[in-house]
Amino acid sequence: MAACELPKTPENERVLSDLPQALQALEQSRDGQGFDHNLDWVRQLMDTLRIGDSLTLRPEATASVVRAYIEHTMYNEGGIHKLYYIGPMFRRERPQKGRYRQFYQIGAEVLGSDHPTIDAEFLEMLALFLERVGVREYKLLLNSVGCPKCRPAFVEVLRQALEKVKDQMCGDCQRRAETNPLRVLDCKVEADQPVIENLPHIIDHLCPECGAHFDHVTKELQQRGVPYEITPRLVRGLDYYTRTTFEMTSDVLGAQNAFLGGGRYDGLSEMIGGPPTPGFGVAIGEDRLLLMVEQAATLKAGDALDVFVAWMGDTAQQPAMQLVKTLRQDGLRVESNYEAAKLKKSLGQANKLGARFAVIIGEGELASGRYQVKDMAAAQQEEVEPERIAAYVKEKSQKGSH
Ligand code: HAM
């Protein structure tokens with residue numbers, strides 16, 4: 001931007017387009033009628049006007065990493081480069097839970113090979129990372145978006161299919177059907193979903209090389225024991241992708257359910273003036289990952305209790321206290337009600353604390369000398385002698401955890 005030029009922000013553009021009208025209205029109201037109102041209008045516009053440097057905030061870092069790789073001629077070193085970054089990114093999006101204008105990404109990129117083993121190993125690494133941070137409730141969505149050789153033909157097939165159905169779709173889809181048909185697949189409007197379900201799938205239109213690449217990736221994921229779901233709609237918003245694309249989503253996140261995403265971008269280096277350098281990478285949305293880690297930690301804390309001893313009636317208190325003590329001596333994590341309570345209330349508390357088992361001691365149990373042991377998750381219960389309860393719980397817990 002040259003000195004003295006106004007930054008071309010959307011706010012400034014609006015001021016510049018409204019200002020002539022506001023000034024004209026002010027001029028015309030000089031006799032008094034509406035003058036104050038029009039003066040306010042002009043003042044408001046002038047207050048909105050921003051004069052200063054134009055700043056560009058990065059929305060992501062894959063392109064920057066590739067640019068740095070080119071700038072520092074890292075390709076001269078040969079071989080494969082594995083790089084990572086952690087930092088704030090900025091997007092002018094409508095904020096909501098899990099979607100911010102400043103958010104944080106942990107990114108990793110592998111540059112220098114288009115071998116499908118890279119893709120599979122990378123996805124396995126992500127699964128391992130998530131296991132380490134205690135996150136288990138998620139899905140890996142997988143697709144291939146082909147390459148510049150096969151994608152244009154698919155876009156044409158899609159455009160033709162859209163021609164027949166676009167009138168039933170939202171305004172955005174109608175526009176995208178002309179300008180960028182692939183983005184129609186991204187649409188989240190509820191009413192459009194049945195139409196989108198029936199559109200052609202890009203993986204059925206891959207060239208032989210892209211098809212073989214995708215087959216190799218999926219086969220290796222199976223061999224490595226990494227579960228995935230092929231998701232034909234996953235085309236991703238950024239236009240540098242080729243072949244494998246993926247996202248991981250979780251129901252605990254709400255509407256913004258993707259906590260990481262990425263894929264292969266074999267043509268990006270050439271697009272920004274570098275030598276051909278295939279690449280594959282991910283960006284983890286750190287804010288969303290933390291929401292998931294918090295959620296997983298809550299579940300873990302809930303799991304931490306082995307037994308809740310629920311006793312009813314004063315005569316049960318003493319035997320209950322005795323049982324709590326012996327179970328604790330046996331190394332189990334145990335809680336109990338401190339005063340006589342109704343069974344329903346005690347079981348509710350056991351549930352809240354995430355107890356794996358509840359032991360129920362009431363009049364009937366005292367008379368028979370066998371207590372009810374309830375498996376809270378399976379909603380089954382069995383009668384067990386007090387001295388056998390610790391062994392019973394340990395044995396069942398071990399079976400349950402395999
Ligand atoms: P992306 O899908 O645009 O990919 O972003 C990756 C992740 O960043 C998303 O899955 C999400 O968790 C998080 N994210 C995106 N926007 C926001 C936001 N406004 N607020 C909070 N979190 C957000 C990329 O950025 C690519 N550079 C990934 C990549 C790396 N592809 C190849 N290498």
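Strands here are DSSP runs of E with at least two residues, numbered from the N terminus. Strand β6 gives the most to the shell around the ligand, with six residues. The model is predicted: local features need pLDDT of at least 70, side-chain atom pairs count only at pLDDT 80 or more, and totals for chains, interfaces and linings use all residues. Residues are numbered from 1 along each chain as its sequence is written, and side-chain values use heavy atoms, with hydrogens and water left out.

**Shell around the ligand**
- The ligand is surrounded by 26 residues, where near means a heavy atom within 4 Å.
- E60, T62, E93, Y100 and Y241 are the closest.
- At least two shell residues come from each of β2 (102–111), β6 (258–264) and β7 (279–285).
- The shell holds 11 nonpolar, eight polar and seven charged residues.
- Ala, Val, Leu, Ile, Met, Phe, Trp, Tyr, Cys and Pro count as nonpolar, Asp, Glu, Lys and Arg as charged, and the others, Gly among them, as polar.

**Backbone contacts and burial**
- A polar contact is a pair of N or O atoms within 3.5 Å.
- A backbone N or O atom of A258 lies 2.9 Å from a ligand oxygen.
- A polar backbone atom of F259 is 3.4 Å from an oxygen atom of the ligand.
- For G281, a polar backbone atom is 3.4 Å from a ligand nitrogen.
- Alone, the ligand exposes 660 Å², and the protein buries 95% of that (Shrake-Rupley method, 1.4 Å probe).

Notes: Polar contact = N/O pair within 3.5 Å; in protein donor to acceptor, adjacent residues only side chain to side chain. Helix = DSSP H or I, 4+ residues; strand = E, 2+ residues; numbered from the N terminus.
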